[in-house]
Amino acid sequence: MSIDDLRAQYEAYPYPARDPADEKKRLITGSPSHLDEVIHYVFGGRLDRSRPLRVLIAGGGTGDGAIMLAQQLADAGHAGHVTYLDLSDASRAIAEARAAARGLTNITFQRGSLLELEGLGPFDYIDCCGVLHHLDDPAAGLRSLAGALAPGGGIGMMVYAPLGRTGVYPMQEALRGMTEGLPPAEKVALARRLIQQLPASNWLLNNPFVTDHRQADANLYDLLLHSCDRPYSVGELAALAESAGLAVGALIDPARYEPATWIKDPRILKRLDGISWLERAAWTERITGGMTKHIAYLLRPADLAGAIAQPDGPDVVPVLRDLDGAALAKSMPPGGSLEVELQGVFVALPLPRLAGPILARADGRATLGEIHAAVAATAGVTWDAFLLQFQQLFKALGGVGKMHLRR
């Protein structure tokens, strides 16, 4: 697929479909590139306030990643700056209107390709979400991003995964020949007519993890009419990173890739002892079958040590995400559990006895040392016992993206 073809698609159908007026009602957040997540998985829990964080959103589309991170930097009072880059003027216009609706002044909008970054960097953090898998040469795209990455920086990326998108690629092939040469709107109309006629045996109709074909035209076009769409398994993603001199530091959310989340038989899990965490993740992808995408943080191999924050000392600050710790603490019996949905399955996360008292004090500012002092005053728990309980709590909540750590 040529760059001109890619630009033409997103000029006709900016993706994802967004209305700037909605910025008055909500901030769209997600992964990668949520600020708390970036600090946790790239910068070891530390945000250097002595200089601005330099951010590149490579392939910014209609602005989800750029708006989220710019707003979070502004809310944190951090003098960071976001550079938005995209081929599509139509997409960029929507992103600019969204920024204007919020009064954000910490974004620079540019038209361009991530393959041509000379003179733009270096950047401390680069977001490349849903872009590389649409390039003729994804490895060249990632090498270009790596070349613009500052020492100690990281890349947050998303690529499609094959198993959870079962049914997508046969439909793409079925539509490709019959829609060739048609204007974009006619392609969409023909695709919708075909979907209405599909037999009950069609894999796309039977895939509960893919719904874009039932949504806006831009979503359908991106799913079924994209002429360049290459998914990656965990192993292939790791090889892609290595080809650019990078390594996978983390997969989001970690619990999705942990065999014990899905398989409870210890005899089966025992057979996985001794393999690397990435090999365990690849095994989990094969047996779950529902992963439609992989979200990963990539770093240079030399930067892996210390890049991910650890729950290991009194200076650690737990930060909750999309979770009201005080409200949850009130409703939680000692030793209770938290039910979360992963890939359409509800999973009960066992929580330690002190989960309630810890969550009640986890306000994003209190350190573990301060929380321990408060809990110990009533529960009489030692630091070592408290830390063990917190580590169990963090494994549960951090595994599903509900808790990050700062220092």
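In this predicted model, Asp22 and Lys25 form a salt bridge, with 3.2 Å between their closest N and O atoms.

The model holds 24 salt bridges in total. One of them pairs Asp36 with Arg406, whose closest N and O atoms are 2.6 Å apart. Asp36 lies in helix α2 (residues 35-42) and Arg406 in strand β11 (residues 403-406), so this contact ties together parts that are 370 residues apart in sequence. Asp36 is buried, with a relative accessible area of 14%.

A further salt bridge joins Asp217 to Arg192, with the closest N and O atoms 2.9 Å apart. Here the pair connects two helices, α8 (residues 217-225) for Asp217 and α7 (residues 184-197) for Arg192, and therefore ties together parts 25 residues apart in sequence. Asp217 is partly exposed, with a relative accessible area of 33%, and Arg192 is likewise partly exposed, at 25%.

Turning to the cysteines, the count of disulfides is zero. For Cys128, the nearest cysteine sulfur is that of Cys129, 8.1 Å away; because a disulfide requires sulfur atoms within 2.5 Å, Cys128 is in none. Cys228 is also in no disulfide, its nearest cysteine sulfur being that of Cys128 at 13 Å. Cys128 is buried, with a relative accessible area of 1%, and Cys228 is buried as well, at 11%.

Conventions
Residues numbered from 1 in each chain as written. Predicted model: local features only at pLDDT ≥ 70, side-chain atom pairs only at ≥ 80, totals over all residues. Heavy atoms only, no water. Buried < 20%, exposed > 50% of the residue type's maximum accessible area, 1.4 Å probe, protein only. Salt bridge = Lys/Arg side-chain N within 4 Å of Asp/Glu carboxyl O. Helix = DSSP H or I, 4+ residues; strand = E, 2+ residues; numbered from the N terminus.
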